[in-house]
Structures are given as structure tokens and as C-alpha cells.
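Biologist: Before we go through the model together, could you show me the sequence and the coordinates?

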Amino acid sequence: MSRQTEGQQFASALGMGNASPEGPRGDSPVLPPPAGPLYEAKPKPGSARAAEGETLEVAVGPHHPSTHGVFRMDVVLDGERIISLKPRFGYLHRNHEKLCEGGTYLMAIPYTDRLDYFCSLTNNWAYVLAVEKLAGVEAPERAEYLRVITAELTRLLNHSCLVGFLLQDMGAMGTPLMYAFREREKLVDLFEELTGARMMCNYMRFGGCRTDASAGWLERTRRVVDDFPRFLDEFEDLLTSNEILLARTQGVGKLSAELAINAGVTGPMLRASGVAYDIRKAAPYGIYERFAFRVPVGEHGDVYDRYMIRMLEMRESVRILKQALKEIPEGPVLNPKARRRNFRPPVGEAYGRLEAPKGELGFYLISDGSPRPYRFRIRAPSFINLTILEDMCLGHTLQDAVIILGSVDIVMGEVDR
Amino acid sequence: MRDPEKSSELEETAPPGLPSFQEIRRILEERVEGLRLEFIPNPAAPDQSSFCVPTEFALETARILRDDPRFALDFCSNVTGVDWLDQTVEETILHRETTDEGERTIKEIVRRRRPGFLEAVYHLYSMRARRGPLVIRQRTANRIDRVRVASLTPIWRSAEFQEREVYDLFGVRFEGHPDLRRILMWDEFKDYPMRKDYVEPDDYEYEPTPQGEAAAKARRHYPYGGAR
Amino acid sequence: MDQLFVNLKAWAVGLFPQPVQLWVSMAISAGAIVGVFSGMFAFATWMERKGLGRFQNRLGPNRVGPWGLFQPVADGLKMLIKEDIVPRAADRGAHFLAPLLVVTPTVLAYAVLPMGRGMSAVDMEAGLLFFLAVGGLKEFGFLLAGWSSRNKYALLGALRALAQMISYEAPLVLAVVPVVMVAGTLSLAQIVELQGFGESGALAHWMAFTPWGAVGFVLFMIAATAESNRSPFDMPEGESEIIAGPMVEYSGFKYALFYLGEYMGLFAVSGLGATLFLGGWQAPVRFLAWFPSWGWFFLKLLFCLGLFIWLRATLPRLRVDQLMGLAWKFLLPMTLINLVGAGLWRWTEGAPAWYWEAARWAIGLGLPILGWRALSAAVFRPRRRRRVYRFAE
Amino acid sequence: MSGLGNNASGTPGEEKGASSMLGLGILKGLGVTLRNFLGSYRDPERLITVEYPEERLPLPEQSRAFPMLIYDGEDPIGGLRCVACKICEKECPSQCIYIVKDRDARGRPMKRPKIFDLDISTCMGCGICAEVCPFDSIKMDAAYERSAESRFERLLLRKEDLAKPNAYYHKIHPTEAAEADARLGIASPEPEAPPEGAPEKAA
């Protein structure tokens, strides 16, 4: 009996069947694949092995502990090496955009909380930024400071939890995650005190913020921010020089700068690939020009760089927060000219974007002069950063794919919208 | 919005960091033979006005926008679709008439029925030069059967999933896309949910507390109870 | 007190007529082992969850009973009354057999462990060999479980388990060899006897108190962690990538059996580690010798268990190829170096002067440390680069 | 890509990396976890668990859960501030409010709701209703314990369930309530014992 038939028997005995060389089943191509030199169609790796029946087709997800929600990767394995990986999503699709087109401009704000439910405040801000661009509304000084403070607190929250999740994906029994959540608790307590809710803050409005921060809140925030570097030091002691972490992350999931830019990858992932592009610096919004901070840039674009960029970014966020908390002026937090009800921006369109913790979060709005947006589009960083998931994972093992996915930092609420 | 005077005024503005729209149009039309760009003014945010690129030139135009150092728009941030239904538009048309007193411009307001179309909108930035956005659009001929535009995925990989999404939710077919499948809806789904005339299927999932439309639906689906 | 259980058993056996006494004795020993270590399994799960909780700044189980002590009881009840699901495509017989094959060999291994003075069920001449041999049997259970479940994750996990356990047998055995070499016997009871106080001296002659013994203990513990599939070597289970590996298609009590097997194996290797390197049931210093010998044994067992929990709370999981690399490129040469060290130690025994003794210690410690350094460079060279991050203003 | 690092200055960054000897980083990590293990017994900063049913954190003043309707005086229904203007119904993002205006005997609309239903199975507690209400009538309650015996129980709140006295409002959101009273020109009620269902505040 030849090896080939043995392999086939082995596979069919396990009920696995043969992996089709074209890719996972269920594809329904609508148009024939393009002919043309511009888009270099990826060669089908390992097709010969697949024909021999030596490959294993595994659907990782949607009910899988490490897919960060209902996300699925259709993976073709050769041994434990990945030779094809197709991300599948939409399990959490609720047509957020249509939902918001059906309501007024104000009604969309609480929905934006639920996009990336870890960072509701930056979502709020990105949306009101687009509306403010569209309607030409400006926010008062104090509100701008509060926006920066809440956005940077959100960044601390997101990055620390992400590192925790990443280590969880690496199998660290949740210890770093628990430490991150310990700190997150302090941050969400601050959010609750300021906005009334821990996660779904619904805080920002066109032309300002909904509520003002008390002196006590600012004081407590200062304390939390001052304590935060201590936690970061501890975190780094625990992780950064850990040999297992180094071995697992260095050289894994490399992403070149060219591909990262071309694929529209943004946020810490892009900077880990060596591109110094942070919208806070490149096209400052709000009052970010006033603060002194640096943008950490990686070199290798692997998982370790992505991890380290986030750790370093947290330290920079602490720096911004300290400045903002020192300089915050007194004053109103809401522009009295900005209406909430019957808010009708002029006819036109606007694209507002900011540096959310996960990448560039953009809102594209078209107004037809009515109280409802004609088109409401969310440019979700998690979604677009997934474009190159397959490119990063090919040739690595299933174990690596899990942490590569973890290092992309996705939240399904935002991917599926 | 359709006032040509205003429009040409807006055309003199420039997107952040880039030459003015007029200049951009000149450069592009010079480099691509036969290209005619339509300027779409945006009164609310003039620096985010856009160009409508004819589908047959889209790929070439996009390549110039990416590779020409005057633009260097290496980063396609956002791709999205817009559904424009059939509508009656009022257009102001300027006639130039030569009379005895000299040249005279006559404004005429014309109402015409504009057939609906689908639109794909691209927001382009430059990471290298830190500028943008330049907004370009492609339009389909109608909303029913001639819904093809050129895919720009060969130029910007970031359009891959986003164009799939536009195809999925709006039904715009991207010619030249490497892997045009549904992305958020399931493969067997028939309609395009983000279209303005989308009718949601008449299904009803039990709701404990139906009100308004849901209550009517509940009565229809569960005539003997369920609804209050 | 020290001989309480020995005497108790002797009395109980004495109640029976002569011909069946041997059988009764064996039954009592077996029953005691299964009973005590099953109870210990329950206690260890509680201790692990409580300990992990504290390592992670949580409280751990605290709802069932005082300090959550009855949590294992609740878990056991839950496992018992859960539906036992066998996948339709599974090979029913093998699926049923697999958990048993995991548990049985681990229980067998206890037969030769001396748990106190005169407290080993069977005092075998080749006890150590027996222990290692039956310890290697449970690989079959994992392979069978993964194969019979007809689940891709289970299969991946089973193959991982197989590769890992076979690979780590080698360093495990080689880490043990120096002890055998120095002690000159394979009987575990005799090895423990040798680690006593001798004629005089306040300090016990634990193997871990010699340079090669300390290094050997560390190597043994690393290999034992891998051998018992504990984090950071819990590749076969790998719940963040292959969910639960071979156990993915098991539910109810069969699932619990796998854990019973895992923990029993853990106690067994901990016990072996304590026996070989930490002096078994011997007290460390003479003035503590009043404490019953079995007490010492179980204290040492708990100490090893604590180490395992601590490791589990701290470390992420290795990758499969790195795991293999560690076994073959690092642990195996290290054990060989340690073997040489032990040989030199034995050869230079009875040094005439204090500087000879000091030199002996220096060589005994320096050799493994140098080896460790050299080998870690070999394992980690491609990745050892320090990284400097740029900052854009 | 050379053009991209143009703004990245060559400032020396922090050095991060492995030590020369395998295992030292692991030992460092073990030290951190040991510190946390011991710390969780001594340091309340480390062990932040709140054992919920037995102990509760005090709710901050801004805290919001689901909406409630405020009434003045003694009569929960007669004293409702709500005039059934339906603004909240229109502005509610999840469309969970359902209002029918009351009519008098001759069929003329009256300034009070006949039906005021709130579907908390769809309400997301965003607080927009309270924000847009011009009569300071609908406010956000802070009571978060709303479990029921069965799945579909207590999901639809009628105006009787929603009506809460002004005193209760003062108790949970004192600053906000005082502002509302000043706007409405009514005297603030004396503080009194909260009605049932109010969140207990631990010290």
C-alpha cells in the first residue's frame, strides 16, 4: 500500500475527508478570480500535500476559547503548520450602520459604545468628531481636556487588558489578565463616577461632554494615574524578560511595513512594523498638539514588538494624562450652541477619525439635511487589521496563530458591527 | 449643492496637504488619457470634497494616486458604499448667451429625474507624507443590473475586506477583486441589507414585551397569544 | 506515632488466617493508597484553585463550606450527575477504556513509594525501574482518548501528548540516574535510608544537599512537569489552542478521571522527587526528627505541589517545537553533564583537606552552571537579541 | 522603508530583552507572582474582590441603570411630572418607551400619560430619555438588582412600577435632584427613608 492511500485512509477513518485544494468549503465565489499582474494571488500552499490527504482542515471557532468572541478561522494544517487560514466573521453582525441611519444623530452615540465595548469613550469621541466636522461645532476647552483624559484612560485600559488576553492565549492561566483586570477595575470605577456607567459610558456629545468632572474625580484620577507606572513595572518584571514569552513571540507573525501600510493596518500593529504613524501626531485632533509625548516604534513587526509597543504606549499615555490633569482649566463642558434634539447638520459629508487604542477609528457621515444621517459608516480598526491575518499566520503553527490573532487585538463587536 | 458657481469655488480649496482639487484634476487628467473627473463638492467640509472617477479609469487613477510622489496616497483608510435612490434633483444650469450687451449668464433651474445608483467611496491618506484625505468615488450605472465598479484591492490591500463588505451589504460588484464573497452575512443570503429600499424579511422571534410594529408582527405570527 | 499506620495494618492483617494474610495485606495497602490519594486529589484541586486565586489576587473558591473547602465535593457531585456523552462517531470501546488507562498506571506507581518508615506497599528491589516503567504507560491512554474521540483537536492533542511524554522520559530517567549511581541501588526504600543522618551529624544527607543533587532536583522537576502535562508544558491540554486536547470529547466522570489521572501522576512524581532528592520521609535536621516520617513525606509532597502551582500561576505555555527543543537540546545534555558531575563527586569522596572539599564543591556547582549557560545560548541564540525601541517625537 | 521613519528620532529607547542565562527571566516572574500571592493576604490594594451579595460598593452619584418616573407629593400616579409629550419615546435609541396620552371624558388630550411602558428587555440604560426630558420627569434609577423568578417576568415596567418619589431621587442623585427642583421651582423634600427596592449603600 502506498503512502498516499494510507494517508487518505487515515483521514477518512477519522471522518476528516480531504481538504480541498481550493480552500475551505462553502466558498461561493461570485466573480471569477481576476487575471492580472497587479494583485498577486497567493499561491495555494501545500496543494500537493492536500491532494495527498495529508492535511487537516480545522474550523477554529466560533466557539473557541481563544477567538475573542464569535470569530472563526478556517485553518488547513499540515501537521501543526498552517498552510491556509481564512477568517470568517459576521456572527455578531447586527447592521450597526443601518441601525444608526434609522435614528437621529444623538441616538447613535449610545450605539457607538457597543462597537468596541472596551473603549466606549474613544468610540464616542470618534463619532462626535465626525459630527462636529460635519456641523462645524466646537467643544469648549474643558471638554477637550476631559476627552483627552478619558481617551487616554481608555487606552490604558485597553492595552493592559490586551496584554493580559495575549498571555491568556499563550496559556498563562490568566495571571497577567487578572493583574490587568485589577487595574482595569480602578479605571472603570473612574468611568462610572464620571459618566454613570462602567463600560457603556455614552459620555460625549456634539460640542462637548455630557457631565462635568468634579474636583474629587480629578484628584482620584491623578492618584490612579500616578500609581499606574508601578503596575506597569510589575507587569514588565513578570513578562518582558520571561524566556517563554520571548521564545513564543519573537519572530512570530511578522508583518512588513510595506504590507502593513498597503493593507491599511493601523494602531499599535502598524507602529510595531516600524511605521511611525499615530494620528495624534500625524493629524492632531482635539488638543493633542499641546502635549509632549512620544510614539514608540518597533522594528520587526512580530508579536513581541506588538506587545512591547503597547507596554511603551501605556507609559506615554500616563505622560499625557499627567500633563492633561495638571493643565485642565475650569469652564463649561458643553457648547450651548450645539443642540441635541432636532440636530440637523448641513448637507454634506464628513469623515472623522482618531487614534483609538486598536487603530484608526473613523466615522463617515453623509447628511441630507434631515435629523437622521443618510449614511453612517464605521471604519473599524479591528475589522481592517484582520485583512492580513492569513499573511501573518502562514507557515506558523496553530499555537502561533492563536497568539497572532491575540496580538491583532480585535473585539468582535467592532469587527462585525 | 448643485450650484456650479459654488462648486467651482469649492474646487479651489485643497484637501489637507495636497494640491487644490483643480490641480489634482489637472494632473490626473493629464496623466490618464481620456479621464474626465467629476468634482463632487462638499459644502459641509470643503476639504473633504471628492472626485467621481469613471469605473474604466479607476484602477489607473488609483495607481497614480498611490505612486505619484505628488500624491503618495499609500493608505486607503476607508472604503464604503452609498445607496442613492432614484430622485428628482434640481439643477442650476448656467447658459452663456451672447447678446448685444455682451456675454451674459443665465441661470436656469432644471428638474430632472436622476436614476439611482450605488457608489463606492474611498478615503485616501498618505502615511509617508502625512496628508489627506482625498476622497474618490466610483458610481454604478444603476442599482439593479449594472452594478459593477472596478476593485481597487490590487492597489490597496486594505480594500479587500471593505470591498467585500460593500458587496455584501450594498450589492456593488467589484471587478477584479480576488475573493469577492459575502463577508458579514451568510453565503446563502439573497438581499443587500444596507440598501435604502431593503425590506426586512417577515420573520418574528418571540419577544416578551412587543410594542408598536413588533406587536403587530407578533399578532400576525402568533394569532393566539404571545402578544398582549 | 511514627509507626501508627504500620502497626495498624499489622494488627488488621493479624485478624486473618495465615494463608490469606498476604492478600489482605495487599488489599489494605491498595485500598489505603487509592483512598488517601483520591482524598488528596480533592484537597489538591482545592489547594490549587485557592492558591492560583491568591497568586492572581483573587479569593478563589469561597462559597461551599468554610474557605470553600467543600468545593471539590461539589465538583465531584456535579461530575457524577452530569450526562456522559459519547460522540456518535467515536469508537465506543476505546473511548471508554482510555480514561481507565490513564488512571491505572499512575495508581500502580504508588506501590513502590516509601511513604514513611517501612511504609511502602511493595518493597521491590528494582522499585525505581518499576515506577518509571508504569509511569510511561499512561501515554497509551492519551493516544487512545484522542484517537477514539474522532475529533481533530483531540487527535492533535493526543499526538502532542505522545510526542511530549516520550521525549521527556529520557531526561526524567537521566536525571534520576546520578542518584542510583551514588546510592548504588534501585530500591527506593534503601535510597531513602541512605539519606538519613548517618552515625552522627545534625543535617540529613539529602541528595539535594549536594551540588549534583540540587541540579538534578531542578532538572527532575522540569522533566516531571512536562511528564505530568502541567503548565508551562500543558501542550496536550492546551486549552487556548486545542481546547482540551484528548479530553475534548469527554464529559462527566470520565472527564474527571483524566484529572484524577493527572493529579495522581503529579503526586507520584512529586513523591518520587521527594524520595530521591529530598530525603523521602527523613527529617532535614535531627531536632525535627520527632515528627512522624509519613508526615515529612506528605509535607514534601505538598511542597512539590506548591511549586507546581506556583509555576502554573506564572508561566505561559511553550510551543510544541520549542518543547521538543528544550527536551533534546537542553535537558538531555544537562542531565548528562550532571551525570558527569555526580561521577566526579563520587570519585573524589573523602577528600583529605578542606580546600579539596571546597574544590569539589566548586567543580560540582560550576560544571552544571557553565553547562547551563552554554546550553541556554544554544537554545536561545537566534532569539536572544536585545531590542531597542525607537521613539518618534 | 526609509521614508517612513522620517519623524522617528534616534533617541535611545529602553532596552528590553532576554538575559544571557535561560531561566533568570522566569525566576523574576516567579518573584512577581510570589509577591502578589503574599500581597493578597496583606494589601487591600491587591485583593480588590468585593464579595457581592454580602458587601456592596457605594454607588457613585452619576450611576445609572434603568429609567424611572418622578412624582411629587404623595400620589404616585396623580403626582407624576410626566406630561406625555413623547419626546423620550422619540429620542430613545432602542425604542423601548411606549406612551399613550390620557384623554378626558370629552376626548381631549390631557397632560398625563394613560400608558407609560418601558421595556427593559431592550432598554440599554443610556440615559438619553432623562437627558432630553424638558420636564425633569424621567430620570435614571440606580437600582441594578432586577432579577426575577422566570425568564420573561418583570421585563415590561408600567408607570406604576416606574413611579418613584422625588425624595428617592434626592437620595440617589442629590446634586442632580436639587438642580431639577431649582429649575422646576419646587421645594426639595426632606430626606427620609428610601422606599423598597432602593439600592442599599454600604459605608
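Biologist: What percentage of the residues in chain A is buried?

Modeller: This is a predicted model, and a residue is taken as buried when its relative accessible area is under 20%. Chain A has 417 residues, and the share of them that is buried comes to 68%.

Biologist: How many helices and strands does chain A have?

Modeller: Among contacts in chain A between residues at least 6 apart in sequence, 73% join residues at least 24 apart. The elements of chain A itself number 17 helices and nine strands.

Biologist: What is the area buried between chain A and chain B?

Modeller: The size of an interface is often expressed as the accessible area lost when its parts come together. Here 58 residues of chain A are in contact with 59 residues of chain B. Carbon and sulfur atoms give 55% of the buried area between the two chains, and that area is about 4900 Å².

Biologist: Which residue of chain A meets B:Lys196 in a salt bridge?

Modeller: Across the interface of chain A and chain B the rule finds six salt bridges, with a cut-off of 4 Å between side-chain nitrogen and carboxyl oxygen. In one of them the N to O distance is 3.2 Å, and the partner of B:Lys196 is A:Glu101.

Biologist: Which strand gives the largest share of the side of chain A that touches chain B?

Modeller: By class, that side of chain A has 30 nonpolar, 10 polar and 18 charged residues. Its largest share is five residues, and these come from residues 348-356 of chain A, namely strand β7.

Technical notes. Residues are numbered from 1 along each chain as its sequence is written. Chains are lettered from A and ligands numbered from 1 in the order in which they are written. This is a predicted model: local features need pLDDT of at least 70, side-chain atom pairs count only at pLDDT 80 or more; totals for chains, interfaces and linings use all residues. Side-chain values use heavy atoms; hydrogens and water are left out. Contact means heavy atoms within 4.5 Å. Buried area is the accessible area (1.4 Å probe) that two parts lose on being put together, summed over both. Helices (H or I, at least four residues) and strands (E, at least two) are DSSP runs, numbered from the N terminus. Ala, Val, Leu, Ile, Met, Phe, Trp, Tyr, Cys and Pro count as nonpolar, Asp, Glu, Lys and Arg as charged, and the others, Gly among them, as polar. Buried means under 20% relative accessible area, exposed over 50%, partly exposed in between (1.4 Å probe, protein chains only).
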